[in-house]
Amino acid sequence: MHFFSQNHTYDHPWSHVIIGMWHKYPNPHCTHVITVDVVDRSVDPQTGVIRTERILGCKQKAPTWVVKLFGGSEDAFVREISFVDPSTQRATISSQNLSLSQFASCFEQISYTPASATQTSFVQTAEIQARMNMWRTAADKFEGWLVQRFEQNAHLGKVGFADVLRTMWENKSPQNA
Amino acid sequence: MAHSLSPECTPLKHAYDSCFNTWFESYLQPAVAQNANATPAQRTEYSKKKAEDFETNCGGVWREYKACVQKAVKDRGLSDLLEQARDEHPLKEQPSIPVGPSKT
């Protein structure tokens, strides 16, 4: 089992970051994310909380040994559940892999909360684990590769989202110029 | 806007995303602004009204898009994987905030 985490502070108010969430892709930093589909969404009329279930389709080259051992292709799908609660100003995004899930699980959690009136705090954690029902050496190597890829994508995701927010809001929020 | 996993659903997806984004942008900032002084009853009244607006404005295109994407999910062989994922992590309620690395 590997754990990953990173923190970041975006120089945008919480509501700008949360509006930006839906504009993150396509993104030149994250060209591996090809498709984004909403498969379920509800707005709770009591609490005002919005729950969204999406499927993200990614395309990224895998090393030959991964393809040989685990089959599969460049296409990988992820299920993502987000909650936006305007009353508590809390947004959470949980993601898990659909593809290769018989061999490994990757569970990622993200939160966006206000750090101040003009800043938003981002926390990301992930647990990555090869399933135990396979050859130990292969499991370790596979897990190591998944972790490396996750870390690369997490970095690109953070940089890419910062660009999206800057582009969206730079002309609209002169106090941040 | 990103594409749908099935090209035939992409126009419906874009129409739905646009509808949602317009609604969401009109929803979020007043909802946040009323935190300071709204009573729980006023908050519920606002949420209920905006939930109804969302259904009125986007309900039609949502049902068309949803039918298309459900077929696409099935055609791509993702239905079973999605069901397994939902069983493993139902996520019906908002989870607590993850605890990140300390900033020291």
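Q: Over how many bridges do strand β5 and strand β6 of chain A pair?
A: In this predicted model, local features need pLDDT of at least 70 and side-chain atom pairs count only at pLDDT 80 or more, while totals for chains, interfaces and linings use all residues. Residues are numbered from 1 along each chain as its sequence is written, chains are lettered from A and ligands numbered from 1 in the order in which they are written, and side-chain values use heavy atoms, with hydrogens and water left out. Strands (E, at least two residues) and helices (H or I, at least four) are DSSP runs numbered from the N terminus, and two strands pair if DSSP finds at least two bridges between them. Residues 90–97 form β5(A) and residues 104–114 form β6(A), and their antiparallel pairing runs over six bridges.

Q: Which residue of β6(A) is the bridge partner of S94(A)?
A: The two strands β5 and β6 of chain A pair in the antiparallel sense. In β6(A), the bridge partner of S94(A) is Q109(A).

Q: Why is one side of β1 and of β2 of chain A left without a neighbour in the sheet?
A: The open sheet has seven strands with antiparallel pairing, in the order β1-β7-β6-β5-β4-β3-β2 of chain A. One side of β1 (2–10) and of β2 (33–43) in chain A has no neighbour in the sheet because each stands at an edge, with a single partner strand.

Q: What area do chain A and chain B bury between them?
A: Contact here means heavy atoms within 4.5 Å, and by that rule 57 residues of chain A are in contact with 52 residues of chain B. Buried area is the accessible area (1.4 Å probe) that two parts lose on being put together, summed over both. Of the area buried between chain A and chain B, 61% is on carbon and sulfur atoms, and the total is about 4600 Å².

Q: Which residue of chain A meets R86(B) in a salt bridge?
A: A salt bridge is a side-chain nitrogen of Lys or Arg within 4 Å of a carboxyl oxygen of Asp or Glu, and the rule finds three across the interface of chain A and chain B. In one of them, at 2.6 Å from N to O, the partner of R86(B) is E53(A).
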